[in-house]
Amino acid sequence: MPRILLDVRPLRASADFRRLAVSTTISQLGGQMTTFAVALQVYTLTGSSAAVGGVGLAAAIPSISAGLLTGTLADAVDRRKLVLLTSTGLTAVSGLFAVQAFAGQRSVWLLYGLVALQYLLSAINSPARRTFTPRLLPRELIPAGAAITMLSMHLSLIAGPPLAGVITAAGGLRFCYLIDAVSFTAALYAVFRLPPMPPDGARAAVSLRAVGDGFRFIVRRKVVLGALLSDLSATALGMPIALFPAINADRFGGAPQTLGLLTAGLAAGGILGTALSGPVSHVARPGRAMVFCGVGWGLGLVGFGLAHSLTLTLTFLVLAGVADVLTVVFRSTVLQTATPDHLRGRTSSAEFVTGAAAPQLGNFRAGVLGSVLTPGASAVIGGVSCVAGAALLALTIPALRTYRTGDPELEVVPEPQPEPDQIL
C-alpha cells in the first residue's frame, strides 16, 4: 500500500515545504470560491456561455502577454521577496472583488478587468513560486512533492465550489469573494517564513536577451518543449469548465449546488489521482506517461459530453480529473528535473502560460463552440481533439517518449553573465 498511496516523505523532509503545502491549500480554497463566484455572476448578468468564456479570455490575455517575460524577473531577484510582493497585490484584488459585490455592481467589464489584473499579478507570482519545490526538496522527492502540490490544489477544487454553492445559496456570492481575501493571509505567512531564495549562480539580467536565453533553452531541450506543448494541447483544445453553467441549466435544473458538483467532479478525480500517486516517483519516463494521461483526459471529456445523467456526468469528470492531475505531476517532474536552477524562473513562466492561459483559452473556445452548437457537442469535439493532439506530439517529438529523469542535462544554456546595472 505505501507504494501505491501518496508519497508523503516531502512533508517530513522539509518544514518549509509542509507550511507551503498547508497554506497553499487554504488560499487556493478561497481562490476557487472566487472562480466560482465570477463565473456565476457573469452568467447571472448575461445568461451567456460565451460571456462566461470571456472570463477565460480576460485571464489569458495578461497571462500570455506578461507570462513569458516575467520569468526573467524570477531569475533576477530574490524569489521569496517577489512572491511576498505579488501575493500582497493578489490579496488586494480579492478585496476589490468583494467590494464590487457588496456595492451591487452589475458591470461585466469590471469583472473582466479584475480578472485580468489578478492574472497579471499571477503571471509574476506563479513562476517564482514554482521554483521553491526543487530548492526545498532533494531531487528524488520532486515527483512526490509535485503530487502533494497537486493534492493541495484539488482539495481546494473539491471543497471550494460546493462550499461556494452553499454560501451563495445562503447569503450571496459576495461572501465567496470576502473569504478569498481573508484566505490569502495563510499564503503570506508561509512565504514569509521561507529563507531567502535568490537564483543559484549568476542572476539573469532583466532584458530581452535573457528572455531569448529562456526560449532557446526550451526549444533546444526537446523534452521540455514537448511537455509544454502536451499541456497546451490538452487544455486549449479540451478545457470544459465554461460549459458547466449551461450544462447544469440544460440537464440538471440550474441549481447552484449542482453547478458546484460539476467542478468538484474534476477535483475528485484529482484527489483520487494524487491519493494513488505513490508510483509516480518510480516512473522512469515521465514524458511518455504524459502522453497516455493526455489520451485519458480526452476520452473522459468525450464521455462527459455524451452523458446525460448526473451520475454518469460526474463519473466521466472524475476520470478526466485523474488523467489531468497525473499529467501535471509528470509535466512538473520533467520541467524541474530537466532545467537548471538559473533558468527555472523562465521555464516556470512558460509552464504558467500553458497551465493558466491555455485553459482559459480552452474555456473561451468551449463557450463559443457551445453557443454555436450545443454544450455537449463542444465537450465531445474538445475531447477528440485532445486525443489527436497527444498522439501527434508523441510521434513528432520522440524525446517526449524517451526522456528519463536520470538523463544528464543536455544543451543547457550557459549561466548568464549580466552587467551590474542590469540586475534588479
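Analyst: Contact means that heavy atoms lie within 4.5 Å. The model considered here is predicted. Leaving aside neighbours within four places in sequence, Ser27 is in contact with Asp180, Ser183, Phe184 and Ala187. Ser27 belongs to helix H2 (residues 15-46).

User: Why is Ser27 called buried?

Analyst: Buried means under 20% relative accessible area. Ser27 has a relative accessibility of 11%, and therefore counts as buried.

User: What makes Trp109 and Tyr112 an edge-to-face pair?

Analyst: A search of the whole structure finds four aromatic pairs. In the pair of Trp109 and Tyr112, the ring centres are 5.4 Å apart and the planes stand at 90°. Centres must lie within 6.5 Å, and planes over 60 degrees apart count as edge-to-face, so the pair receives that name.

User: Which of these two residues is buried, and which is exposed?

Analyst: Exposed means over 50% relative accessible area. Trp109, at 70%, therefore counts as exposed, whereas Tyr112, at 13%, is buried.

User: How do you know that the end C-alpha atoms of helix H16 are separated by the span that its residues should give?

Analyst: The expected span is 1.5 Å times one less than the number of residues. For the 22 residues of helix H16 (residues 375-396) this should be 32 Å, and the end C-alpha atoms are 32 Å apart, so the two agree.

User: What makes Tyr177 buried?

Analyst: Tyr177, in helix H8 (residues 174-192), has 0% relative accessibility; the cut-off is under 20%, so Tyr177 counts as buried.

Conventions:
Residues numbered from 1 in each chain as written. Predicted model: local features only at pLDDT ≥ 70, side-chain atom pairs only at ≥ 80, totals over all residues. Heavy atoms only, no water. Helix = DSSP H or I, 4+ residues; strand = E, 2+ residues; numbered from the N terminus. Buried < 20%, exposed > 50% of the residue type's maximum accessible area, 1.4 Å probe, protein only. Phe/Tyr/Trp six-rings, centres within 6.5 Å; stacked < 30°, edge-to-face > 60°.
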